[in-house]
Amino acid sequence: MAPRALLLCTIAALTLSAQQPFTPPARWNFSTHVTPILTFGGCNQSACHGSPVGKNGFKLSLFGYEPEKDYQALIGRLNIKSPDESLVLKKPAMLVPHGGGPRFRKDSRHYQLLRAWITAGAPFGDADAPSLARIEVTPPYRVLTSKGEGLPLKVTAVYSDHTRDDVTAFSVFSSNDESILKVAPTGIATTQGGTGDAAIMVRYAGKFAAPVYGATMYASAKTPAPLPQHPIDREIYAKLRQLRITPSAVCSDEEFLRRTHLDITGTLPTAADARQFLASSAPNKRALLVDQLLEKPEYADLETLVWADRLRSDSRFHRVGGVRSYFRWLKEEFLLNRPLDKLAYSLLTARGANFASGPANYWGNYDKISTPIETAIQTGQVFLGVRIGCAQCHNHPFEKWTQSDFYSLAAVFSQVVEFPTKNTQEFDLRLDPNRAVINPATRRAAEPRYLGGEIIDVAPGEDRRIAFARWLTARENPFFARAMANQIWRHMMGRGLVQPVDDFRETNPPTHPALLDLLATELAGYNFDQKRLIRFIAASRTYQHSSAANETNRLDFKYYSRWYPKRMMAEVYMDAIAQVTNLPDRFKDWPEARRATELPDNRFASYFLDVFERSNRLVICDREENVTVSQALHFVNGPEAQEKIAIPDGRLAQWLGSPLADSQLLEEMFLATLARPPAPREKDRLLTRVASANNRKEVFEDILWAILNSREFIFNH
Amino acid sequence: MSFHFDCDGIRRRNFLKIGMLGLGSPSLPQLLRAQKKDAERSFIFVWLGGGPPQMDMYDMKPEAPEEIRGEFKPIPTKAPGIQMCELMPKTASQADKLCILRSVTSVDLGSHERSSRYLQSGVLPVPNMDFASFGSIYVKEKNLHGEMPPFAGVLKPIERGWGGGFLGAEYDPFMAGDPSEKNYQVRDLLPPKGITLDRIGRRRELLKEFNEAWRAVDSEAKLNSYAPSVEQAYNMIFSEKVLKAFDIHQEPEKIRDAYGRTQIGQGLLLARRLVEHGVKAVSVWMGGWDTHAGNFSSLKTKLLPPLDQGFGALVEELAVRGLLENTLVVQIGEFGRTPKVNKNAGRDHWPKAFSVVLAGGGIKGGQIIGATDKHAAEVTDRPISVEDLSATIFTALGVDIHRVNHTPEGRPIAVVNGGKPVVEAFA
């Protein structure tokens with residue numbers, strides 16, 4: 001988890017003074033002049049008066065989205081005759097006690113503007129007064145090159161009549177990466193010593209912008225010559241040059257072999273695989289390997305697991321019958337390599353009983369079908385890459401989606417109804433064309449719309465999900481290809497170009513916008529065949545970077561100057577131990593699973609899988625990749641690895657009973673676990689240890705144990 | 001001077017100033033005192049999963065009609081004027097150390113899951129993320145690390161919300177299991193069968209060689225979390241103190257009997273033992289309180305006697321051993337239960353008004369705060385929101401309630417979401 005301190009609401013110092021000349025506006029408009037002061041002061045945030053019940057009898061709409069209501073709330077607290085006696089001035093200036101503490105000073109422009117508005121009779125403003133069209137932030141992108149360097153930002157409000165106004169002093173700023181740039185309430189961004197880009201979120205009167213600025217602390221970057229020409233590398237290397245980060249070298253064959261096995265199939269290469277690949281002198285052997293791996297059935301197993309996480313296939317929601325049908329269907333999709341647009345289309349238009357029809361489970365939740373609201377949230381996160389669920393409760397301060405957008409999306413899914421089957425745990429999806437979703441804000445039926453677009457107009461009685469699924473999976477759809485490409489990129493590279501992968505929004509920009517567009521275009525151009533995109537990524541130098549860091553890219557976590565190590569997923573780690581020791585796990589009640597990766601359900605009782613944090617599938621989110629103390633205790637003292645290492649018919653017993661000499665045995669062990677032979681010094685050290693031990697079996701057990709618990713083994717690197 | 005941004009923005013350094021302005025209530029200086037000697041506070045969180053019935057325990061209504069007052073009678077307690085259920089004599093004998101909040105009021109969230117998430121974190125649950133439990137926030141805010149795991153969980157968590165949530169798995173409690181089991185031992189603390197400590201030591205050395213040989217320069221957070229975790233694991237395995245802390249078998253039979261040979265009894269005993277050995281937060285989970293049917297028979301046979309015996313012994317022992325002053329004990333469930341007994345002699349969910357019990361940690365005992373109406377249905381005096389309760393807990397633990405943590409996506413989450421501490425609870 002990268003701790004990105006994005007200070008949405010906590011702004012430390014509000015000590016702006018009023019040295020700048022102050023002219024009150026000619027025509028007042030409550031929402032363009034007064035609301036920004038309430039937002040700037042934090043008055044309308046959820047912990048304060050923006051709370052659903054207000055605070056101490058004074059309630060404002062959250063983030064100022066309902067100016068009429070705020071106006072009504074405010075006018076009772078004004079004293080038009082003697083403006084300075086108004087509570088809305090005395091409280092924030094702490095001239096009377098204020099539970100919220102001081103918000104702005106009496107000599108600030110905020111106080112003066114509010115006072116001028118009261119003096120002017122506190123008008124709400126004319127309906128035809130110019131409204132705020134957008135805000136602009138200058139300067140454009142640039143890279144700062146020393147620590148402590150400041151960059152003053154200027155925020156300009158552009159009104160509907162094309163007039164412009166400097167509103168820097170009334171804008172709220174925050175940085176999405178404070179190790180790179182911190183931004184003061186005055187709008188001056190200052191470099192902090194970190195290298196990279198940071199997006200500065202700027203808010204004013206309900207409008208926002210997120211310009212990006214860079215900083216580098218390095219003198220120059222060493223890039224390979226000639227520069228790599230793969231389209232991915234062109235984008236990645238352009239940014240590295242801009243930020244003066246020197247990329248890592250290309251990884252070794254050993255690393256590439258193990259990395260692609262784990263990424264594409266979730267398995268380790270065997271010792272024989274390793275020998276063959278390392279010995280091959282074919283110039284395109286890396287590409288050939290990727291092709292072979294993509295055709296293995298284990299590819300489908302791993303993708304099924306990844307998608308079962310994403311779709312939250314869970315026997316608590318879908319019951320055993322449901323998770324099995326979901327699992328079988330997903331596995332077939334990936335075995336046959338059905339393209340992702342078809343997969344999405346099948347899920348979104350599913351009908352029938354969920355124990356028989358796999359994709360019907362997309363619509364289920366605790367024995368019954370999901371509400372349209374739940375389906376909207378899930379569809380947003382899985383296929384659109386947006387967390388529209390936040391807009392169910394409130395308009396998001398940094399997000400363009402409104403409550404109305406949310407309910408319009410939910411309305412797309414409102415025709416689905418549940419029909420009981422003979423099995424009480426099963427549900428049958430049918431259509432009731434006339435069911436609607438009520439938007440609580442308007443108390444009226446929400447109009448079904450494509451997200452951010454037109455009304456979905458289907459003939460009476462028609463399934464509007466079909467129209468929606470066609471819109472979504474069209475090549476030119478602005479969400480789908482990008483969301484899918486980003487997920488595939490994250491799976492391969494350890495980090496999404498937009499991260500988290502389900503949180504696309506203007507204020508969470510991609511690190512490499514052009515690369516994201518490129519990947520989306522490629523994927524759509526491949527007719528959504530994800531294998532082809534995986535091949536495309538695996539062929540890049542970027543994917544083939546070594547994971548070893550150099551001095552300038554040690555701290556790089558998002559520009560792909562090195563390959564970021566990933567801790568094996570719980571299931572993959574469990575299977576890796578079983579593979580190395582040649583002792584497959586058995587799964588009670590799940591005879592179809594030969595490996596943990598093939599478990600259809602994440603409810604299978606296993607402390608090992610729990611402690612290594614398999615997805616709980618309660619919420620859609622990335623798995624944890626940190627190593628916890630409980631995990632470490634389980635490495636050290638857990639019974640599974642010990643039993644598997646020491647069992648009489650296991651792999652180690654076979655090796656020990658074979659004519660292999662100690663050094664050959666070591667080599668075999670290294671190839672089977674780390675996909676590399678031991679380094680000469682390592683080999684000497686271990687052979688000395690073996691020679692001086694009085695129990696050959698025990699010392700090899702200890703070596704194998706240590707490898708299975710080592711960082712090099714546990715991390716895909 | 002830098003100003004604090006959150007509402008109710010009374011940061012410690014602003015306290016006196018605001019007090020001088022006349023805003024502060026008279027007990028603010030006392031709160032300040034409570035916050036000052038915070039360094040060594042411990043926290044025992046006793047969770048009654050399912051929802052304990054307020055009117056059958058701490059808020060009895062003997063004057064109410066039978067279908068409301070139920071089957072049990074109140075008895076006097078050690079604290080003058082405080083009564084509680086006749087099935088809780090041990091707890092009653094410690095009432096002088098207890099502060100009973102009778103007017104806690106929550107929001108109707110429908111399910112156990114959502115209500116449990118609310119009452120374990122103090123933050124209203126949202127669908128797309130998990131907030132952090134009180135214990136997780138405490139050890140995070142105080143940056144508590146050491147030989148002992150800072151946060152332990154005893155018995156089995158009941159509903160979601162007991163762990164680190166958005167703070168990450170490293171703030172989950174270390175799971176100690178069920179100490180009432182006959183051959184109880186903590187999972188993975190002792191080596192697997194047939195492996196001596198000596199051999200563990202040799203393997204440790206080997207593992208260290210492997211890890212040092214590979215990839216020295218790396219700042220990847222997830223990669224780096226490996227080394228300290230493994231180190232901590234070995235320290236625990238080789239630590240006499242840790243093994244001893246979890247070894248409940250070292251307790252004299254007399255003491256084990258005093259807590260009762262039940263899951264909750266032994267669980268609370270282990271909690272005391274852990275606190276004594278330096279664990280800073282312990283959650284003890286007891287289930288079975290969802291008495292929709294047979295409320296009274298369940299309370300009489302399965303629930304109240306074991307809880308009473310264990311909880312009474314815990315409070316008494318903490319006091320005798322001088323630990324109570326610096327240990328905050330909270331007894332709590334996700335909601336209360338309906339005043340009116342249903343047709344199955346049960347009581348249903350009631351989030352509107354219920355009781356929470358506090359002890360130790362600077363809390364003033366022998367008092368009742370708040371009141372409900374004659375049916376224990378509505379709060380009539382001193383409503384205490386879940387956020388207020390959260391503010392009270394963190395104030396007692398010396399945590400700045402205005403501190404803000406961020407989710408990995410950058411969403412700011414305040415330690416307390418806008419509540420005010422119940423100042424009169426403090427000594």
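Trainee: In β15(B), which residue is the bridge partner of B:Val104?

Mentor: Start with the general idea. Two strands pair if DSSP finds at least two bridges between them. Strands (E, at least two residues) and helices (H or I, at least four) are DSSP runs, numbered from the N terminus. Now the case: B:Val104 is partnered by B:Ile384 in β15(B). β4(B) and β15 (residues 384-385) of chain B run parallel, with 2 bridges.

Trainee: What should I know about the model before going on?

Mentor: This is a predicted model, where local features need pLDDT of at least 70 and side-chain atom pairs count only at pLDDT 80 or more, while totals for chains, interfaces and linings use all residues. Residues are numbered from 1 along each chain as its sequence is written, and chains are lettered from A and ligands numbered from 1 in the order in which they are written.

Trainee: With which strand does β4(B) pair in the antiparallel sense?

Mentor: With β11 (residues 354-359) of chain B, over 5 bridges. There, B:Leu101 has B:Val356 as its bridge partner. β4(B) also pairs in the parallel sense with β12 (residues 367-369) of chain B, over 3 bridges. In that pairing, B:Cys99 stands opposite B:Gln367.

Trainee: How many residues of β4(B) are buried?

Mentor: First, the cut-offs. A residue is buried if 20 or more other C-beta atoms lie within 10 Å of its own, exposed if 12 or fewer, and partly exposed in between; C-beta atoms are placed from the backbone. In β4 (residues 98-105) of chain B, 8 of its 8 residues are buried. For chain B as a whole, 55% of the 427 residues are buried.

Trainee: Which residues point each way from β8(B)?

Mentor: B:Thr327, B:Val329 and B:Gln331 point one way, and B:Leu328, B:Val330 and B:Ile332 point the other. All of them are buried. β8(B) pairs in the parallel sense with β1 (residues 42-48) of chain B over 6 bridges. In this pairing B:Ile44 faces B:Val329. On to β11(B): 3 bridges join this strand to β8(B), and the two run antiparallel. Here B:Gln331 stands opposite B:Val357.

Trainee: Why does B:Gly164 count as buried?

Mentor: Because 23 other C-beta atoms lie within 10 Å. B:Gly164 sits in the loop between β5 (151-154) and β6 (174-177) of chain B. Contacts tell us about its surroundings. Two residues are in contact if their C-beta atoms, placed from the backbone, lie within 7 Å. Beyond neighbours within four places in sequence, the contacts of B:Gly164 include B:Ala132, B:Ser136 and B:Tyr171.

Trainee: Where is the kink in α10(A) centred?

Mentor: The bend at a residue is the angle between axes fitted to the seven residues ending there and the seven starting there. In α10(A), a kink of about 80° is centred on A:Gly321. Now look at the span. The expected value is 1.5 Å times one less than the number of residues. α10 (residues 315-335) of chain A has 21 residues, so a straight helix would reach 30 Å, but its end C-alpha atoms are only 23 Å apart.

Trainee: What is the average pLDDT of chain A?

Mentor: pLDDT is the predictor's confidence in each residue, from 0 to 100. Chain A averages 89, and 94% of the residues score at least 70. Over residues 1-19 of chain A, however, the pLDDT is below 50. Where pLDDT is low, the predicted coordinates should not be read in detail.
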